[in-house]
Amino acid sequence: KERLATVIHNGVPGTAMPGYPQLSADDVGGLIAYLQNLTAKAEKVESPGDEAKAIYAQNCLSCHGANAAGDGPQAPIQPRTPANFKLQQPTAEQAVNAISNGVPGSTMPQWKTKLNKDQINQLANYVRSFYSGS
C-alpha cells in the first residue's frame, strides 16, 4: 500500500502517470482500496439469512439502497457515492474491515461497537451476495 501511495502522490517519471500530491491521505487510501478491488476475483456468495437482511435494512439501505446499488435515499447527499455492490464485490476481508472500521473519506461509520462479529460476518456476506458483475 505504501508503494502505491507513493506512486499516486509522485507519479511515475518517464511515463504518462502524473502525480497527485493534492490528494488527501483519505482520498489516496480510498483510491488504493478501489484499485485493489479491481484485481479481486468475484465469488459466488449465497445470501445469508433473515438476520443479515434485517441488519442491512436497518443500517445500510438508506445509503446503499434496497438492492445495494449505491442508490439509497441518502446517497445523493453523501460527499462520496456509496459503494454499488451490484458492480463491485469486495473480498470477505475487505467487507468485514469496512463494516467494522468504516471507510476513510466517506460517511461509512464503524459498526464494530454496535454489531457483534457474527453479525458483521453475516452482513459482509450479504453485501457480497449482491454482486452481479459488470
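Predicted model: local features only at pLDDT ≥ 70, side-chain atom pairs only at ≥ 80, totals over all residues.

Trainee: How are the rings of Tyr126 and Phe130 arranged, centres and planes?

Mentor: Their centres are 4.9 Å apart and their planes sit at 75°, so the pair is edge-to-face. The cut-off for that label is over 60 degrees.

Trainee: How many aromatic pairs does the structure hold?

Mentor: Three. One of them joins Tyr56 and Tyr126, edge-to-face, with 5.4 Å centre to centre and 70° between the planes.

Trainee: Which parts of the chain does that pair link?

Mentor: Distant ones. Tyr56 is in helix α3, residues 50-59, and Tyr126 is in helix α6, residues 117-129. The two are 70 residues apart.

Trainee: Is Tyr56 buried or exposed?

Mentor: Buried, and Tyr126 is too.

Trainee: Which residues form the aromatic cluster?

Mentor: Tyr56, Tyr126 and Phe130 form one cluster.

Trainee: Is Cys60 buried or exposed?

Mentor: Cys60 counts as buried, because its relative accessibility is 9%. The limit for buried is under 20%.

Trainee: New topic, Ser100. Where is it found?

Mentor: In helix α5, which covers residues 92-101. Ser100 is buried, with a relative accessible area of 11%.

Trainee: What is Ser100 in contact with, leaving aside neighbours within four places in sequence?

Mentor: Gln110, Trp111, Lys112 and Ile120.

Trainee: Last one, Leu31. Which helix is that in?

Mentor: Leu31 lies in helix α2, residues 25-39.

Trainee: What is the relative accessible area of Leu31?

Mentor: It is 31%, so Leu31 is partly exposed. That class lies between the 20% and 50% limits.

Trainee: And how far is the C-alpha of Leu31 from that of Ala5?

Mentor: The two C-alpha atoms are separated by 9.0 Å. Along the chain, Leu31 and Ala5 are 26 residues apart.

How values were computed. Residues numbered from 1 in each chain as written. Heavy atoms only, no water. Helix = DSSP H or I, 4+ residues; strand = E, 2+ residues; numbered from the N terminus. Buried < 20%, exposed > 50% of the residue type's maximum accessible area, 1.4 Å probe, protein only. Contact = heavy atoms within 4.5 Å. Phe/Tyr/Trp six-rings, centres within 6.5 Å; stacked < 30°, edge-to-face > 60°.
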